[in-house]
Protein chains: 2
Amino acid sequence: MEDFIFQSATKIIFGKGAERNVGKEVKKYSSKILLHYGHGSIKKYGLYKRIVKSLKEEEIEIIELSEVQENPVLSMVKKGIKICKQEKINFILAVGGGSVIDSAKAIAIGVKIKGDIWDCIVKKVKISSALPVGVVVTVPASGSEASDATVITNEEKLIKKGYHSDAIRPKFSILNPELTYSLNSYQTACGASDIMSHVMERYFTNTKNVDLSDRLCEATLKTVIENTPLVLDKPNDYNGRAEIMWAATIAHNGLLGMGRIEDWGSHKLGHEIGAMYDIAHGATISVIFPAWMKYVYKKNVGRFKQFAVRVFDIDAFSISQEIAAIRGIEELKNFYRKIGMPVSLKDLGISDERIDEMSAKCTAWGPVGNFVKLYKEDVRKVFELAR
Amino acid sequence: MEDFIFQSATKIIFGKGAERNVGKEVKKYSSKILLHYGHGSIKKYGLYKRIVKSLKEEEIEIIELSEVQENPVLSMVKKGIKICKQEKINFILAVGGGSVIDSAKAIAIGVKIKGDIWDCIVKKVKISSALPVGVVVTVPASGSEASDATVITNEEKLIKKGYHSDAIRPKFSILNPELTYSLNSYQTACGASDIMSHVMERYFTNTKNVDLSDRLCEATLKTVIENTPLVLDKPNDYNGRAEIMWAATIAHNGLLGMGRIEDWGSHKLGHEIGAMYDIAHGATISVIFPAWMKYVYKKNVGRFKQFAVRVFDIDAFSISQEIAAIRGIEELKNFYRKIGMPVSLKDLGISDERIDEMSAKCTAWGPVGNFVKLYKEDVRKVFELAR
């Protein structure tokens, strides 16, 4: 086990109708806020009204910034920073999924720094503070509601970059599973794929003696694998939605990676697809992850066998470690197919003509991943395995 | 799943030699502290020296209060409160196991309230603040290093009472597994028993649809069950000690109980034995828990079967739910025996003559437990099953 520091201080408020008290939580921080959201789907089912009502009850002044898009873009972040500075806003309430939360976090950084926000993200400039951010989650997927991360796309340069700091962990996050009833099958499945990837990026490690975190990872994966088909079948199943929503948070609040060297290579490859083609993150991951696994499993066959046995209940009694490992990868792929996720670039409608370009961009800052370090040629081979 | 609020904000600093930087962490809060510890075992292996050195480097003034005993007592808490008030101390550093941490937490409350600390604990008076507490853990067991709880014994009245408040969660806890090498077999096994009990008190619930937290509980139990025999065999096994130390924190920082109605009946019964006979908490638990399980398992045989199958790998294919459930209880008892823990009052050298008295005191504030509510007669029967 590696040494570590763990502090995930976000207050999680979980349950039915939890958003009705958002005003009281916000009021602890500010009386004038930026309300940040996406394309107005929050207006469809009354969520917007309930939130504004709760904020008004606490006499909180609201400045709105909506139209955050999937794979949130730098221009929106800059717009948010400008508004917050002009209006002297000192709290951001993000209502939405990972894109909205990530956009809010980037704005929260930008308001506090002097230089350019993109420079800060690219150069991984250390920050000591950011505006406080609160969240009402509508899509369980990114785990951004309790994570220290934001991922922003520079739409001019077609570059998608992640940034980490404890300063951007949300102060509170409201998780009401009922708010996820309206997600369609594709959104639900993309979310499941995203959640699982956050666990697997931590699970596939070369760090030895990580029994507890291995088992916590497996627990989270099994929960998502069992509950996703249930909610695809019955979208209004509170219990299934609740399991997935809580799993999304646990998967990415840092806990599952403690004491382990994490990988994150597959995310980098997925981000290249996302930046180039504007495809949902979860769909890029279901394409890349099995390909990545096939490319790297020989580095530690035992770990892949453990994954197969403990996560997919593969009976490894009478087969070799390697066959068990491969079956685990196949089972994961089958699971993605079962929930309607793409498992190849072809499924995404992407030809292989830009693989070279994506491989170059993916490794422009050096090799990616830790379980196996992937250089440009490796990345190309993973993309090719994903064709 | 039940609605819940979760916020466990303690900063965990985990790893080899981590205590060498305790001064820097303390300095963020205060330059004059109460250093609280037990009977000087921290002086045996140089820990005391390293801590004082680190504190001195940061020019922190130290007032010491040692001699905290197992099952920490009210008179010591009152002494600590008096010293803190007199000396205008505003930070407590607890170096030790659960007893020392719990004593520090109670002092931290007492300094901030006007009335009597025992009244506050017994009447569960809500507090809004407490002195900040930092911890260097030497015994992985209580989980007090990241919990919202303290348990204090009124040695005059022979009453042991628990108290909960988010205000007493430690600000930081330093966990260096090396510090636990010197624990003897009995201390190590008592710790394992205590950790497991914190998980099981949450596991045995009537709340339905708690897939993720069920699995997180099982993950933690399996980790303790696998690693305890390893460290009993090789006390200086860093990895085994690390797994147990991290499991102790996860078991009791609140995470595993989210969305579930917890039980805690067995703890109440164990506290009666602890208060009456001054026996280590972990040893009272290994006696009570199997007896409690036998008394209540019929309330939800399926859950006890799940425990048997997932935690002790019982093959339940060709046996009834009930037989599987009973085997799980027997396996737990066998595990306690294997690690040298008592499993009966007889093992503890306690006759049954005070069972009636303990049963009455245990239920003096009403029935205990939630999985099954235990009234005086039930408690007596559990004690009798534990003879």
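Helix H7 (residues 185–203) of chain B packs against H8(B) at an angle of about 170°, their axes lying 10 Å apart; axes are lines fitted to C-alpha atoms, for helices over the stretch in contact, and angles run from 0 to 180 degrees between N-to-C directions. Because angles over 145 degrees count as roughly antiparallel, H7(B) is roughly antiparallel to H8(B). The model is predicted: local features need pLDDT of at least 70 and side-chain atom pairs count only at pLDDT 80 or more, whereas totals for chains, interfaces and linings use all residues. Residues are numbered from 1 along each chain as its sequence is written, and chains are lettered from A in the order in which they are written. Helices (H or I, at least four residues) and strands (E, at least two) are DSSP runs numbered from the N terminus.

Residues are in contact if their C-beta atoms, placed from the backbone, lie within 7 Å. On the H7(B) side, the residues that meet H8(B) include Ala189(B), Ala192(B), Ile195(B) and Val199(B). Their partners in H8(B) include Leu221(B), Val224(B) and Leu232(B). By class, this contact has eleven nonpolar residues, four polar and one charged, where Ala, Val, Leu, Ile, Met, Phe, Trp, Tyr, Cys and Pro count as nonpolar, Asp, Glu, Lys and Arg as charged, and the others, Gly among them, as polar.

Helix H11 (residues 281–296) of chain B and helix H13 (residues 321–338) of chain B also pack at an angle of about 170°, with 10 Å between their axes, and are therefore roughly antiparallel. Ser286(B), Pro290(B), Met293(B) and Lys294(B) of H11(B) meet Ile329(B), Leu332(B), Lys333(B) and Tyr336(B) of H13(B). Five of these residues are nonpolar, one is polar and two are charged.

Between the chains, 31 residues of chain B are in contact with 31 residues of chain A. Strand E1 (4–6), strand E2 (11–14), helix H8 (211–233) and helix H9 (238–252) of chain B each give two or more residues to the side that touches chain A. The largest share, eleven residues, comes from H8(B). This side of chain B has 15 nonpolar, seven polar and nine charged residues.

Strand E1 (residues 4–6) of chain A runs antiparallel to E2(B), joined by three bridges; strands pair if DSSP finds at least two bridges between them. Phe4(A) stands opposite Phe14(B) in E2(B).

In chain A, 14 of the 15 residues of H5(A) are buried, that is, 20 or more other C-beta atoms, placed from the backbone, lie within 10 Å of their own.

Notes
Contact = placed C-beta atoms within 7 Å. Buried ≥ 20, exposed ≤ 12 C-beta atoms within 10 Å, placed from the backbone. Parallel < 35°, antiparallel > 145°, perpendicular 65-115°, else oblique.
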